[in-house]
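Here are some notes to read with the model open beside you. Take the points one at a time and find each spot on screen as you go.

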Amino acid sequence: MNHSELLAWLRETDDDRLEILWGKADQARREHVGDAVHLRGLIEFSNYCARRCAYCGLHVDNQGVTRYRMSMDEVMVCVRLAHEFGYGTVVLQSGEDYGMTTDWMADLIRRIKSETPLAVTLSLGERSHEDLTAWREAGADRYLLRFETSNPDLYRKIHPDLGGRISDRISILNCLRELGYEVGSGVMIGIPGQTYDDLATDLLCFRDLELDMIGVGPYIPHPDTVLGRQVIDTESDQQPPRDERMVYKMVALTRIMCPWANIPSTTALATLNLVEGRELGLMRGANVVMPNLTPPEYRVFYEIYPSKACIRETAKDCHGCMGRRIESIGRRVGTGRGDSRRMKNTVFAQD
Ligand code: SAH
């Protein structure tokens, strides 16, 4: 699809026409990545953050956040639980926390790799090339870093530089690729000042960056952030809504543009529709979910946006819930690490 075709789908409001889009996405999902839904156990191990991203509740100036950093032993308890539950991957996520040092993280990665067969995904923000190199050498397999928007002006507005270093997530994504990580990125939908046109460009960027993993979710305003205090111009016909249907359109179009990618049905989407958001995401292109392993006493403080789904649940609750949801729509829980199938694309092209 080209830019104008993408734009037409993004602006489509007819439910019968949209059924066609959902069908195409579901078919592409089935043909390229199959019926397995891969489980990635999410461990939100620190909510310290040095940055001032305009959308995120964890930004350094937010005095209202109770900060925590889990110990290595606490993280390992979650990791072992992931293995017990049969997950193939753990995702280690945090704010951009420089109290979490290069060596501490490398030790943790080595410990996970020596004690379990799990794939390790990192989501630690815009860390230095040296850090990313050290962690790859320690055995990390994948890295998630959303670029959030492909519109350069909007990007700069919501990602202030840090310590004189310009925020440039796209160049970090390229470094990650060179270092041999599987690379994941994505965007938020409905950011104030974003346009339909931007979303179409986001989708073309996903394709051009040849991402292995792509997460898209609604922007959810946090009252203690610069952006959360901004009034959205709902009158503008350029501004996409941050509603459920808009998210499904982006999930579906992402699948069509990047058929081999691993695409999660996100917690932010579940936050918009607790009853069946996860399932509808999976039925309209997604093939991954990320059950939360963070101990409940910490997860309440990982408030990137308010009213996050599943905030009071335990790891066991999330585990059971995800399994039931997957089976309720006739899919199956994936086995193994659920590695990227993107390179199969190349093999296929050569056949
Ligand atoms: N520090 C890491 C992890 C951030 S949390 C990083 O910067 O990559 C992971 C994702 O949560 C972010 O990439 C962003 O897309 C999402 N997020 C943050 N604030 C949000 C908000 N207000 N609404 C919706 N999603 C948000």
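1. Let's start with a term: a polar contact is a pair of N or O atoms within 3.5 Å. With that in hand, look at E148: an N or O atom in its side chain sits 2.7 Å from an oxygen atom of the ligand, so this pair counts as a polar contact. Keep in mind that you're looking at a predicted model.

2. Stay with the ligand for a moment. How many residues surround the ligand? There are 17, and the closest are Y55, S94, R146, E148 and I220. R146 brings a polar side-chain atom to 2.9 Å from an oxygen atom of the ligand. S94 does its part with the backbone: one of its backbone N or O atoms lies 2.9 Å from a nitrogen atom of the ligand.

3. Now for helix packing. Find helix 8 (residues 196–209) and helix 9 (residues 244–257), whose axes come within 9 Å and cross at roughly 30°. That angle is why helix 8 counts as roughly parallel to helix 9; the cut-off for this label is under 35 degrees. The crossing of the two is right-handed. On the helix 8 side, the contact is made by Y196, L199, D202, L203, L204, F206 and R207, and on the helix 9 side by M246, M250, L253, T254 and M257. Sorted by class, the residues of this contact are 9 nonpolar, 1 polar and 2 charged.

4. Helix 9 also meets helix 2 (residues 15–33): their axes come within 8 Å and cross at roughly 40°. Helix 2 and helix 9 are therefore oblique to each other. What is the handedness of the crossing where helix 2 passes helix 9? It's left-handed. Helix 2 puts D15, L18, L21, W22, K24, A25, A28, R29 and V33 into the contact, while helix 9 supplies R245, Y248, K249, A252, L253, R255 and I256.

5. M72, D73, V75, M76, V79 and R80 of helix 3 meet W104, D107, L108, R111, I112 and E115 of helix 4. By class, that contact has 7 nonpolar, no polar and 5 charged residues.

How values were computed: Residues are numbered from 1 along each chain as its sequence is written. This is a predicted model: local features need pLDDT of at least 70, side-chain atom pairs count only at pLDDT 80 or more; totals for chains, interfaces and linings use all residues. Side-chain values use heavy atoms; hydrogens and water are left out. Axes are lines fitted to C-alpha atoms, for helices over the stretch in contact, and angles run from 0 to 180 degrees between N-to-C directions. Helices (H or I, at least four residues) and strands (E, at least two) are DSSP runs, numbered from the N terminus. Angles under 35 degrees count as roughly parallel, over 145 as roughly antiparallel, 65 to 115 as roughly perpendicular and the rest as oblique. A crossing is left-handed if the near helix is turned anticlockwise from the far one by less than a right angle, and right-handed if clockwise. Contact means heavy atoms within 4.5 Å. Ala, Val, Leu, Ile, Met, Phe, Trp, Tyr, Cys and Pro count as nonpolar, Asp, Glu, Lys and Arg as charged, and the others, Gly among them, as polar. A residue is near a molecule or strand if one of its heavy atoms lies within 4 Å of it. A polar contact is a pair of N or O atoms within 3.5 Å; within protein, one must be able to donate a hydrogen and the other to accept it, and residues adjacent in sequence count only if both atoms are side-chain atoms.
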